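Trainee: Could you walk me through this model before I start on it myself?
Mentor: Gladly; have it open beside you, and ask as you go.

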Amino acid sequence: MARSFLEYKTDAWVQWCPGCGDFGILNAIHRALAELDIDPRNLVVVGGIGCSGRTTFYVKGSNLHALHGRAIPLATGVKLANPRLKVVIAGGDGDLLGIGAGHFVAVGRRNVDITVIVFDNAVYGLTKGQAAPTLPSGVKTKALPGPNIQDAVNPLLLALASGYTFIARGYAYHTAQLKEMIKAAISHRGTALVDVLQPCPTYNNVMTNQWYEERVYYLEEEEWDPVVKTPEEYRRKVPLIAAKMLEWGDRIPLGVFLKDETKEPFEERLERQMPGYMDNPPSSRPISVDGYPLADPWKVFEEKVVKKVEASY
Amino acid sequence: MVLNVLQKRGPRGLVAVCMNCRYWRPSPHYPYAGYCILHGKVTLEDDSCSMHSPLRLKRNQFYWCSSCKTRVSSEEAGAHASQGHKLYLGAYVEKDVREEIYDAF
Amino acid sequence: MVDLKILIGGPQGGGIESAGQIALKAFVLKGYHVLGSREYQSNIMGAHSYYLVRVMRRRPRALTLPVDVLVALDAESVLTHFEEVRPGGFIVYDSGTANVKASTIAPMAKPLKERLSEFFGRRGSEPTVSEALKVAEERGVTPIGLPMKQLLRRVAEATERPLASISRTVNIMGLAAGLYLAGVELEYVKDAIVAQFSAKPKIIKPNVVAASMAVEHVSELHEGLPRLEDGPLKGKQLMVATGNELVAMAKLVGGLSVQTYYPITPSSDEALYLEEHRYFELNDVAKERLGLEKMGIVVLQTEDELSAINMAIGAALAGARAATSTSGPGFSLMNEAISYAVTVEAPILITLWMRAGPSTGIPTREGQQDLLHALFSGHGDTPKIVVASGDHLEAYWDTIKALEWAERFQTPVIHLVDKYLASSMISIEKREIEPRGYPIMRALKTDGDLRYKVTEDGISPWVPLGSSTMVITGLEHTEDGFATEDPVARDAMMEKRRRKMETIKREIPEEERVRVYGARDADVVLVSWGSTKNPILSAMEALEGEGVGTRFVQIRTFFPFPEDTVSRELSEAKTVIGVEQNLLGQAAFLVRAFTGYRVRHMILKLNGRPIFDDEIVYGVKRILETGEETVVVRGGS
């Protein structure tokens, strides 16, 4: 192993509350990156707004901290410009599934080679514990004046419907398993989701560490095979996968639900449309030669030039 | 009831022409010309041929009201016809029409 | 002096676009400069739309009414435009529509129907095509009826096959008849048809036959205007392109590598045109030097404008030359990200095609209502560059410059262009868009690796994502990019932002930021911006002929504002008149904000139609005569 996980830590003060699940996720990210031996200069961690978005400052990389809800498009822009970079999004369920839900869907449709890690604690921490999109209805945390009146979205099913080609769910304090999921997600070529369940000890007094530990189990225990290699296999497996994703309550499955190898990542689609894109990506391609443009407008836009055409009719 | 009967003077009530034939679809823009789906060609509203089949008002059907430039269901079509509107089973949208219209919202 | 004006009206989708293009091409082949404009509704098919074409020996500067020839392909076109033809002019109409009543035309706007009823009611008649033609005739206009259906039959008979296209036969017949009456020989119409449909050889022949038949029919009825002599550009190749297309061309020429967009009028056509050419062939020098044949631009349609701008910012921060393109409603959604781009110092270009608001407004019509919106976009103090182009070629060159400015100053540049420029088209000579005198180069400062270093000129070293470990955040930050709330660090960054604006002001020369036209000693000074430029220049000539000397201050950048020139020019003037297409007089408002000078008179146009030169002439004279504060002009259908 070439690097220690310590090499991915920064000197910024990690300012989360004691007992926050984010610590577990951060640890898993550090270790996954070290085991994958990713050069921090080629790593872009794009954080959302919220507690989890601070991850941007705690992982050594060439990082970007987005506006609330916009981590996905911002990260997509980075990836389009420089497809060689490893791009990992770290955002909360409020950021990615509430204000940014449109982008959460769109990135799956493109299958951009990006990893989306949802820090899923079901509450808005930095604004004092309001219900987030994954808080089930009827749940009354102590931060809420009454039981949650809105239903929860299922991040896994939304990702499945949107075309994500890698979908996993982990638990924040099972760092060994979570690390493996993050490694697999980053290594996957296409849009990958790792939904990480986590307690928020300050605001979510219902879905606590104990609450989760009593319910979670791993798909591997049931000999689950998430890999899909052909469209036929996808059609056959997808109802089983969806059913598994719906399971919630007394038993909550964790693990890799889907690894779809049938779809071309977006970068390859662009390369196919415009051969040379990967070798001369937008971030580094020349824009001129000695100050002269690469193309002559009169030639490239010739169809706009009015000229007499000889034609027999 | 046969639709779009020409109000021509003469002994015949129905002049069997394209405009009252069920195979004919007028241009939405210039409805005196249209497309015959049977022969697969553009004809004019007062052209005719031996394959003519009268266009009748039926239930559970949509019609293109060429006078109103809109689509109406058979429930409303009778009222349109009685006002002298021209009704057809569809309109003929030319395949290159995209090149003639604009970015508009 | 040749100054021909032709209006071609008909239902949207009914061949108006190709008729307009063929008209422009015919005149270009004849050796003239052209200006054309599409006016259309927010509709896909069936609503009334029209093309306005003006032809001169030099490039026409403005549209104007009345026209010499109206080609009305349907009844609605006659009833909409019959008063817009000059005495001695012609109306070509479908004689089969003579009895059509306005009340039976479903797509016609209710207010217009009411106005027509009132107008014809006063004459004791009803609004029908034939009554409208009578009115025109009384004013010295000659109606020329074309029996369209019968002519269609004759075209089919002559070509011995069914018609290839209905719309594209009717339109050509109307157009060919109109051009004949305007003095254009059939030969040029034929050449223009061939040029237009070179990719669709099947419809060339029937169209040529249709044109000949229509001309044959018309020439028996009237000889039309005197035959048009060859223009000064005969034999020379000209390009005809819209503002949308020219901006797309400039982005490609200017080295853009990523463009994002969400569909919205009137900006989508720019992105679509760029997308059509996204994988372009290099010139010979580039081929040889780079060893490549082609290069690509990533043009991506996003899920919304939030995504469009954030994606462009992400691409820019990774090192791409990035832009997005939108219109008012989309720009509203982009506001938060403008503020972000200022803070993270992202070099991006936002092309803002203004249309008539507020809200959804009239999406396909002209307006200049987004100046203040652009300038004050983004929360917090968000200095950025705002540049407004006055005409098509300015829009082209400003795009190239804006791409460079964005990089040089590491800041968002908002490029304001109006809908009139988007969908109007001009003839262009090759040299006018040939890259010359303006080198295309990356302009990112690379003298260090401290991304947000506090510097004298406010510009920090550029460090793209992926080149070193770093953090970029919309939070206030220290020089290394890490978030901070420290008051001293905050002040240092705020001061740096101020110094950057001063640098921008210093480095973008005043003559780039404002242009002044006309006589120094003129009594009247017009202040304006955007696409009113050429109509104003045209009006100035006319006013000069009437003994009214004018000067024109065209404000081009509003941030940084050209205070010195504007202040000097206005304070010396006797009468200052603002010309704008918005309610408030937004530029005049800014003149006052930046210079303290109050513009006392305004000529405003608010009806969603582009301003005509004669309206400006009228407005200036009216203000001089009456001293009125505001004259609202109302031309166009």
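Trainee: How do the residues in the lining of the largest cavity divide by class?
Mentor: That lining has three nonpolar, two polar and two charged residues, where Ala, Val, Leu, Ile, Met, Phe, Trp, Tyr, Cys and Pro count as nonpolar, Asp, Glu, Lys and Arg as charged, and the others, Gly among them, as polar. Keep in mind that this is a predicted model, in which local features need pLDDT of at least 70 and side-chain atom pairs count only at pLDDT 80 or more, while totals for chains, interfaces and linings use all residues. Residues are numbered from 1 along each chain as its sequence is written, chains are lettered from A and ligands numbered from 1 in the order in which they are written, and side-chain values use heavy atoms, with hydrogens and water left out.

Trainee: Which residues line the largest cavity, then?
Mentor: They are C:V342, C:P383, C:Q410, C:T411, C:R497, C:K500 and C:M501. On a 1 Å grid over the protein atoms alone, a cavity is a set of points where a 1.4 Å probe fits but cannot get out, a pocket is an open set with protein on both sides within 12 Å along at least five of seven lines, and lining residues have an atom within 4 Å of a point.

Trainee: Which helix gives the largest share of that lining, and which domains does the lining draw on?
Mentor: Helix α18 of chain C, residues 487–507, supplies the largest share, with three residues; helices (H or I, at least four residues) and strands (E, at least two) are DSSP runs numbered from the N terminus. As for domains, whose bounds come from an automatic or database assignment, at least three lining residues come from each of domain 2 (240–433) and domain 3 (445–508) of chain C.

Trainee: How much space is in there, and how many cavities are there in the whole structure?
Mentor: The largest cavity holds about 60 Å³ of space, and a search of the whole structure finds five cavities of 30 Å³ or more. Here grid points are joined across faces, edges and corners, and a volume is the space filled by probe spheres set on the points.

Trainee: And what lines the second largest cavity?
Mentor: That one, with about 50 Å³ of space, is lined by A:K79, A:L85, A:K86, A:V87, A:V88, A:D113, A:T115 and A:I186. Strand β3 of chain A, residues 86–92, gives the most to it, with three residues, and by class the lining divides into four nonpolar, one polar and three charged residues.

Trainee: Switching to pockets, what is the volume of the largest one, and which residues lie nearest its centre?
Mentor: Its volume is about 1400 Å³, and of the 42 residues that line the largest pocket, A:K304, B:E99, C:Q21, C:E245 and C:E276 lie nearest the centre. The lining has 17 nonpolar, nine polar and 16 charged residues, and it takes at least three residues from each of domain 1 (3–221) and domain 2 (240–433) of chain C.

Trainee: How about the second largest pocket, what lies nearest its centre?
Mentor: There B:P31, B:K86, C:G96, C:T97 and C:V100 lie nearest the centre, out of 34 lining residues, and the volume is about 1000 Å³. Helix α5 of chain C (148–159) gives the most to this lining, with three residues.

Trainee: Now strands: is β13 of chain C mostly covered or uncovered?
Mentor: Strand β13(C), residues 348–354, is mostly covered, since seven of its seven residues are buried, meaning under 20% relative accessible area with a 1.4 Å probe and protein chains only, whereas exposed means over 50% and partly exposed in between. In a regular strand the side chains alternate between the two faces of the sheet. In β13(C), buried residues C:I348, C:I350, C:L352 and C:M354 are on one side, and buried C:L349, C:T351 and C:W353 are on the other.

Trainee: Which strands does β13(C) pair with?
Mentor: Two strands pair if DSSP finds at least two bridges between them. Six bridges join β13(C) in parallel to β12(C), residues 322–327, with C:A323 the bridge partner of C:L349. From β12(C) the chain crosses through helix α13(C), residues 328–344, to β13(C) in a right-handed β-α-β crossover, meaning that, with the strands pointing away from the viewer, the path from the first strand over the helix to the second runs clockwise. Another six bridges join β13(C) in parallel to β15(C), residues 413–418, where C:H415 is the bridge partner of C:T351.

Trainee: And over in chain A, how many residues of β11 are buried?
Mentor: Eight of the nine residues of β11(A), 252–260, are buried. This strand pairs with β7(A), residues 166–171, in the antiparallel sense over four bridges, and A:R169 stands opposite A:G255 there. With β9(A), residues 216–218, the pairing of β11(A) is parallel over three bridges.
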